[in-house]
Amino acid sequence: MLAALGIYGVLAFSVAQRRQEIGVRIALGAEPSAVRGLIFSEVARFLLVGAAIGLPAAYALARAVESILYGVSASDLPVFAAGAALMAAVSLAAAWPSARRAARTDPMDALRSE
């Protein structure tokens, strides 16, 4: 739950920071689906970078814990896969409200805000 809230907060902040850019894109004729695709592509990039860093780090930490705890296996691939899938699902679910809000941005309000 804490990870989901953190991911949602980062995504909402990222979309809020890009409000003017999104407003310009919509004013120039971008479709709402293209704006949503822009947000989801950013989420996919976050997921890939996080998995590239997190999975090897988790494996290394699991190897360290394996020698200390009884019955813990460092090479438990279903657990790693389930964790990665859960984070992907949470990230996509957290991205949906931000993407929907970005697609509904009024270009005039976004351009006037600064």
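Predicted model: local features only at pLDDT ≥ 70, side-chain atom pairs only at ≥ 80, totals over all residues.
In which helix is Ala 94 found? Ala 94 is found in helix H4.

Residues are numbered from 1 along each chain as its sequence is written, and side-chain values use heavy atoms, with hydrogens and water left out.

**View 1. Helix H1 packs with helix H4.** H1 covers residues 2–17 and H4 covers residues 77–103. Helices (H or I, at least four residues) and strands (E, at least two) are DSSP runs, numbered from the N terminus. The two helices pack at an angle of about 30°, with axes 9 Å apart. That angle makes H1 roughly parallel to H4. Angles under 35 degrees count as roughly parallel, over 145 as roughly antiparallel, 65 to 115 as roughly perpendicular, and the rest as oblique. Axes are lines fitted to C-alpha atoms, for helices over the stretch in contact; angles run from 0 to 180 degrees between N-to-C directions. H1 passes H4 in a right-handed crossing. A crossing is right-handed if the near helix is turned clockwise from the far one by less than a right angle, and left-handed if anticlockwise. H1 contributes Ala 3, Ala 4, Ile 7, Tyr 8, Leu 11, Ala 12 and Val 15 to the contact. From H4 come Met 87, Val 90, Ser 91, Ala 94, Ala 95, Pro 97, Ser 98, Arg 101 and Ala 102. Contact means heavy atoms within 4.5 Å. By class, the H1 and H4 contact residues are 13 nonpolar, two polar and one charged. Ala, Val, Leu, Ile, Met, Phe, Trp, Tyr, Cys and Pro count as nonpolar; Asp, Glu, Lys and Arg are charged; the others, Gly among them, are polar.

**View 2. Tyr 8 of H1 meets Ala 94 of H4.** Tyr 8 lies in helix H1. Its relative accessible area is 31%, so Tyr 8 is partly exposed. Ala 94 counts as buried, at 8% relative accessibility. Buried means under 20% relative accessible area, exposed over 50%, and partly exposed in between (1.4 Å probe, protein chains only). The C-alpha atoms of Ala 94 and Tyr 8 are 5.0 Å apart in space, although the residues are 86 apart in sequence. Beyond four places in sequence, Tyr 8 touches Ala 94, Pro 97, Ser 98 and Arg 101. On the same terms, Ala 94 is in contact with Ala 4, Ile 7, Tyr 8 and Leu 11.

**View 3. Ala 95 sits in helix H4.** Ala 95 is buried, with a relative accessible area of 0%. Leaving aside neighbours within four places in sequence, Ala 95 is in contact with Leu 11, Ile 39, Phe 40 and Val 43. Ala 95 and Tyr 8 are 87 residues apart in sequence, with 6.7 Å from C-alpha to C-alpha. For Ala 95 and Arg 36, 59 residues apart along the chain, the C-alpha separation is 9.2 Å.

**View 4. Helix H3 crosses helix H4.** Their axes come within 9 Å and cross at roughly 155°. H3 and H4 are therefore roughly antiparallel to each other. H3 passes H4 in a right-handed crossing. Residues of H3 that meet H4 include Val 35, Ile 39, Phe 40, Val 43, Leu 47 and Tyr 59. Among their partners in H4 are Phe 80, Met 87, Leu 92, Ala 95 and Trp 96. The contact residues of H3 with H4 divide into 19 nonpolar, one polar and one charged.

**View 5. Helix H2 (residues 19–27) has a buried face.** The buried residues of H2 are Ile 22, Gly 23 and Ile 26. Down the axis of H2 they fall within an arc of 100°, so they line one face of the helix. The arc is that of the directions from the helix axis to the C-beta atoms. These buried residues pack against H1, H3 (32–66), H4 and H5 (107–112). Just after H2, Gly 29 takes a positive phi of about 110°.

**View 6. H2 passes H3 in a right-handed crossing.** The axes come within 10 Å and cross at roughly 150°. Glu 21, Ile 22, Arg 25 and Ile 26 of H2 make the contact with Val 35, Leu 38 and Ile 39 of H3. By class, that contact has five nonpolar, no polar and two charged residues.

**View 7. Met 108 is found in helix H5.** Met 108 is partly exposed, with a relative accessible area of 45%. Met 108 and Gln 20 are 88 residues apart along the chain, and their C-alpha atoms are separated by 9.5 Å.
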